Amino acid sequence: MGHIAYLSRKETFSAAHRLHSPYLTEEKNKELYGKCNNPNGHGHNYTGMVQKVPNLPVDPHTGMVMNITDLKKCMRVVLDELDHKNLDLDVPYFTSCPSTTEMLAVFIWDNMRKHLPKGKYELYEVKIHETENNVVIFRGELSSTEDVP
């Protein structure tokens, strides 16, 4: 029986966006998102943290659950799609949903799952700091009522 450890990696990226939902009227968007609905957008220096759970215990020979360099490479592949981009214009995922930090966390989750070795590792959570005070955590849960197509 081995030890189970949670491995985390933090990376930063910069991106611009406009908080705007294609499912709402212009008036509702302005009311809901306020100054963040500015047609010219605004930017953030995001900090993203990915925490993964191994399906295997800590390897007694290497002392690792996963080489942190491999986790970094997976994260960079995903984050390079976002870094120094306008999320609404440059990332196809956000043409059908608002580029909120919540949806950004879902995007990173979904794409990290595609890049981690299949069957060997599971994600535990994606944590995104939009600002020093605003943080979103996503753990892959789905609600029983899905409103966005």
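**Salt bridges, core and a pocket in a predicted model**

R139 and E125 pair up through their side chains in a salt bridge, at 2.7 Å from N to O; the term covers a side-chain nitrogen of Lys or Arg within 4 Å of a carboxyl oxygen of Asp or Glu. R139 sits in the segment after β5 and E125 in strand β4, so the bridge ties together parts that are 14 residues apart in sequence. Helices (H or I, at least four residues) and strands (E, at least two) are DSSP runs, numbered from the N terminus. R139 is partly exposed, with a relative accessible area of 37%, whereas E125 is buried at 8%. Here buried means under 20% relative accessible area, exposed over 50%, and partly exposed in between, with a 1.4 Å probe and protein chains only.

This is a predicted model, in which local features need pLDDT of at least 70 and side-chain atom pairs count only at pLDDT 80 or more, while totals for chains, interfaces and linings use all residues. Residues are numbered from 1 along each chain as its sequence is written, and side-chain values use heavy atoms, with hydrogens and water left out.

Back to the charges: the structure holds six salt bridges. Side chains of opposite charge can pair when their charged atoms come close. R76 and E11 do so at 3.0 Å, N to O, and that pair links distant parts of the chain, with R76 in helix α2 and E11 in strand β1, 65 residues apart. Both R76 and E11 are buried. R76 also forms a salt bridge with D83, the closest N and O atoms being 3.9 Å apart. D83 counts as partly exposed at 21% relative accessibility, while R76 is buried at 18%. Zooming out, R9, E11, R76, D80 and D83 are linked in a network of salt bridges.

Then there is H84, which has a positive phi of about 55° although it is not a glycine. Most residues other than glycine have a negative phi. H84 lies in the loop between α2 and β3 (85-86) and counts as exposed, at 66% relative accessibility.

On to the nonpolar side. A nonpolar core is taken as a set of buried Ala, Val, Leu, Ile, Met, Phe, Trp, Tyr and Cys residues joined through side-chain atoms within 4.5 Å. The largest one has 31 residues, of which L82, L104, I108 and M112 touch the most other members. At least two residues of this core come from each of β1 (7-17), β2 (42-54), α2 (68-79), α4 (101-115), β4 (121-129) and β5 (135-138), and α4 gives the most, with seven. Neighbours within four places in sequence aside, L104 is in contact (heavy atoms within 4.5 Å) with F13, Y46, L82, L87, F94 and I128.

The second largest pocket has a volume of about 160 Å³. A pocket is an open set of points on a 1 Å grid over the protein atoms alone, where a 1.4 Å probe fits, with protein on both sides within 12 Å along at least five of seven lines; lining residues have an atom within 4 Å of a point. W109, R113, L116, P117, K118, G119, Y121, E122 and L123 line this pocket. The elements giving two or more residues to the lining are α4 and β4, and β4 has the largest share, three residues.

Methods
Grid points are joined across faces, edges and corners, and a volume is the space filled by probe spheres set on the points.
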